[in-house]
Amino acid sequence: MHNATSAPALSYYDYIIIGGGTAGCPLAATLSQNATVLLLERGGSPYGNPNITNMASFGTALSDLSRLSPSQRFISEDGVINARARVLGGGSCLNAGFYTHAATEYVRQAGWDGRLVTESYKWVEKLVAFEPALGQWQSAVRDGLMEVGVVPFNGFTYDHIYGTKVGGTIFDQQGNRHTAADLLKYANPSGLTVLLHASVHKILFAIKGKRRPKAHGVIFRDASGAKHKAYLKEGSKNEIIVSAGALGSPQLLMLSGVGPAAHLKAHNITVVLDQPLVGQGMSDNPMNAVFVPSPLPVEVSLIQVVGITHFGSYIEAASGENFAGGGSSSPRDYGMFSPKIGQLSTVPPKQRTPEALAKAVEYMNNLDQAAFRGGFILEKIMGPISTGHLELRTRNPNDNPSVTFNYFKDPQDLQRCVQGIQTIEKIVESKSFSKFRYDYLSWPVLLNMTANAPLNLLPKHYNPSMPLEVFCKDTVMTIWHYHGGCQVGKVVDLDYKVLGVDALRVIDGSTFNYTPGTNPQATVMMLGRYMGVKILGERLAN
């Protein structure tokens with residue numbers, strides 16, 4: 001790993017991978033076995049940063065809004081506050097750690113080779129996946145799920161099957177996070193160059209004398225702003241691969257002249273290929289949660305148990321004394337649901353302003369310690385069916401594009417949320433969960449608390465006499481599983497090659513039509529390894 005300031009002004013490689021994230025790291029490690037690879041990451045290293053490595057600090061990185069933060073906040077046009085990674089290892093450095101596979105049906109529909117998928121998951125798991133130790137609170141959620149009919153109990157498994165299960169985690173038993181960056185340990189050091197703080201501004205295409213545009217290099221800038229160029233070596237199998245994530249990949253294609261012509265021209269970008277589907281099909285699985293204060297102390301836990309229902313909603317939970325709030329320095333927090341990371345479920349999306357955030361944080365600082373004891377039971381819907389789009393705001397790749405997800409635009413998405421919340425009600429009222437809730441806090445009171453407290457900031461639509469549809473729309477949050485923008489069959493083919501140009505692929509979550517499994521990170525890491533093996537196979541066959 002080197003800082004990009006040390007890179008030469010001009011260099012040549014067999015493969016150039018843009019984005020050292022959840023897909024880019026396993027992909028680079030694999031390709032380096034038989035080729036020279038340049039991995040360009042716009043962020044820094046995750047190593048030595050306790051906000052990334054310690055489970056107890058979950059959420060601290062997400063609430064760090066500084067320029068060098070591993071997380072870059074963005075707010076969708078829907079008004080939901082969200083985050084994108086800016087660090088080697090990508091979203092696996094910021095997330096709640098849950099590790100679980102895609103369903104076999106998902107693998108079949110994607111046209112993937114089942115055996116290579118299994119091998120690729122195993123390759124990932126050797127280094128980064130663990131079985132979590134279940135505490136009392138997570139066990140009560142597990143038992144509650146089964147009591148209310150989310151059956152059978154499938155034990156500890158990575159498999160995506162109906163019923164209740166304990167999934168894997170990228171946190172080890174000591175609470176240390178293991179990220180996609182750890183997969184670089186598999187790399188051949190002589191075949192791989194990793195540059196940090198290397199922001200790619202443009203993919204370069206050779207057009208003259210070509211039947212169609214051919215990607216042949218990139219322009220990137222280092223932290224001092226100095227410009228560097230990297231080109232592909234001569235060779236028919238050499239390629240540029242974009243793994244910059246669901247925001248970064250469509251954004252970079254557009255900045256490089258591949259996208260909707262009228263939109264590119266409006267930003268004075270020379271059109272290389274008019275591709276109106278770049279940036280389309282953006283989706284984010286809506287998450288809604290209910291906070292349940294506990295009369296008993298509860299363990300600090302992130303996602304461990306999941307209920308996979310037949311109606312298309314996934315039930316998960318997280319808990320904590322200080323709700324995983326980053327230790328003694330900032331104990332008054334709700335970790336995964338903290339206003340500091342933008343999870344202001346209690347404020348209607350359009351009103352989630354910086355002022356509202358500041359007020360919420362101040363309000364929480366004055367709350368009694370007991371208010372933080374307990375946990376959240378959440379539901380996120382599968383799919384989703386609702387989609388939106390992404391557009392450029394500026395020509396600077398470090399600026400966020402404008403993105404709209406259109407949460408709950410499709411009525412089936414909304415129905416799945418309602419059924420998910422109804423299931424959470426049954427769990428909270430189950431015998432299995434009874435010791436972790438106060439008798440006098442009835443379900444309508446809990447819903448009202450979630451829709452109003454502890455961030456009593458703004459007038460709300462929701463009150464207990466209203467339908468749950470209003471609750472779903474009012475309290476929608478992200479669980480950071482957004483995807484789309486460079487979808488298979490629209491922007492890339494089944495081999496992830498960009499349609500209409502040569503020597504360019506996109507391999508990451510931007511290619512997904514639906515989110516895989518209950519939580520996508522395992523499949524994104526698997527896909528990096530899987531496609532690395534496929535691409536090397538093609539190379540060596542040559």
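Are C417 and C472 buried or exposed? Both C417 and C472 are buried.

A disulfide is a covalent bond between the sulfur atoms of two cysteines. The structure holds one such link. C417 and C472 form it, with their sulfur atoms 2.1 Å apart. The angle about the S-S bond is -95°, and the link is left-handed.

Other cysteines can be looked at in turn. C25 is in no disulfide. The nearest cysteine sulfur to C25 belongs to C93, and it is 7.9 Å away. The cut-off for a disulfide is 2.5 Å between the sulfur atoms. C25 has a relative accessibility of 0%, so it counts as buried. C486 also has a relative accessible area of 0%, and C486 is therefore buried; the cut-off for buried is under 20%.

The next stop is helix α6, residues 245-255. How many of the 11 residues of helix α6 are buried? The count is 10 of the 11, so the helix is largely enclosed by the rest of the structure. Among the buried residues of α6 are A246, G248, P250 and Q251, as well as L252, L253 and L255. An α-helix has 3.6 residues a turn, so residues three or four places apart point the same way. After α6 comes G257, which has a positive phi, near 95°.

Another glycine, G135, is found in a loop. This loop runs between α4 (114-128) and α5 (136-147). Which residues does G135 touch, not counting those up to four places away in sequence? They are E299 and Q304. G135 can also be compared in position with S319, which is 184 residues apart from G135 along the chain. The C-alpha atoms of G135 and S319 are separated by 10.0 Å.

Last comes the confidence of the prediction. The chain averages a pLDDT of 91, and 89% of the residues score at least 70. Over residues 322-332, however, the pLDDT is below 50. Beyond near neighbours in sequence, this stretch has 32 contacts in the model. Residues 453-459 also have a pLDDT under 50. For residues 453-459 the model has 20 contacts beyond four places in sequence.

Terms used
Residues numbered from 1 in each chain as written. Predicted model: local features only at pLDDT ≥ 70, side-chain atom pairs only at ≥ 80, totals over all residues. Heavy atoms only, no water. Buried < 20%, exposed > 50% of the residue type's maximum accessible area, 1.4 Å probe, protein only. Helix = DSSP H or I, 4+ residues; strand = E, 2+ residues; numbered from the N terminus. Contact = heavy atoms within 4.5 Å. pLDDT = per-residue confidence, 0-100.
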